[in-house]
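Here is a short briefing on one protein chain. Look over the sequence and the structure first, then read on.

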Amino acid sequence: MNKEKYSLTITKAHSDMFKVEITDKYCSYTCVYEPSVEDAIAYASYWFAETEARHEANQTHAKAVMQMNKIDKEAGILTG
């Protein structure tokens, strides 16, 4: 069974701002401050909608870093 877990927490912060903490199903996390609950929900909706694109970008970045490490080891720049 695939259980997708998302988390959204909106709390009152300083200076009439709302702290918005968001975690998506891939455990990507962000924290922003918004001036209203409506803005907080709008940002969360946008952030959740970008979950798959963000995950794909993170995977591509991780693969690139692994490839760079491999090339560096082959060139003798890295040891181990």
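Where is Lys-5 found? Lys-5 sits in the segment before β1. The model is predicted. The chain holds two helices and three strands. From the N terminus on, their order is β-β-β-α-α.

**Overall shape and surface**

- The radius of gyration of the chain is 18 Å, whereas a compact globule of 80 residues would have one near 12 Å.
- Along the principal axes, the C-alpha atoms fill a box of roughly 55 × 40 × 20 Å.
- Of the 80 residues in the chain, 18% are buried.
- Take the contacts between residues at least 6 apart in sequence: 24% of them join residues at least 24 apart.
- Side chains with charge come to 9 positive and 12 negative. The centres of these two sets lie 9 Å apart.

**Helix α2**

- Helix α2 covers residues 51-74, which makes 24 residues.
- From first C-alpha to last, α2 reaches 35 Å, close to the 34 Å expected at 1.5 Å a residue.
- An α-helix has 3.6 residues a turn, so residues three or four places apart point the same way.
- Gly-76 follows α2 and has a positive phi, near 85°.

- Lys-5 counts as exposed because its relative accessibility is 66%, and the cut-off for exposed is over 50%.
- Lys-5 touches Thr-23, Asp-24 and Lys-25, leaving out residues up to four places away in sequence.
- Lys-5 and Tyr-26 are 21 residues apart in sequence, yet 8.3 Å apart in space, C-alpha to C-alpha.
- Ser-7 lies in strand β1, which spans residues 7-12.
- Ser-7 has a relative accessible area of 29%, so Ser-7 is partly exposed.
- Beyond its neighbours within four places in sequence, Ser-7 is in contact with Glu-21, Ile-22, Thr-23 and Phe-48.
- Ser-7 and Cys-27 are 20 residues apart along the chain, and their C-alpha atoms are separated by 9.3 Å.

- Most residues other than glycine have a negative phi.
- Asp-16 has a positive phi, near 60°. This residue is found in the loop between β1 and β2, and β2 spans 18-23.
- Asp-16 counts as exposed because its relative accessibility is 58%.
- Cys-27 also has a positive phi, near 70°. Cys-27 is in the loop between β2 and β3, and β3 spans 29-34.
- Cys-27 is exposed, since its relative accessible area is 63%.

**Ser-28**

- Is Ser-28 buried or exposed? Ser-28 counts as buried because its relative accessibility is 16%, and buried means under 20%.
- Leaving out residues up to four places away in sequence, Ser-28 touches Ile-22, Thr-23, Trp-47, Arg-54 and Asn-58.
- Two of these partners, Arg-54 and Asn-58, have numbers that fall within α2 (residues 51-74).

Terms used:
Residues numbered from 1 in each chain as written. Heavy atoms only, no water. Helix = DSSP H or I, 4+ residues; strand = E, 2+ residues; numbered from the N terminus. Expected span 1.5 Å × (residues − 1). Rg over C-alpha atoms; globule rule 2.2 N^0.38 Å. Buried < 20%, exposed > 50% of the residue type's maximum accessible area, 1.4 Å probe, protein only. Contact = heavy atoms within 4.5 Å. Lys, Arg positive; Asp, Glu negative; His and termini not counted. Charge placed at Lys NZ, Arg CZ, Asp CG, Glu CD.
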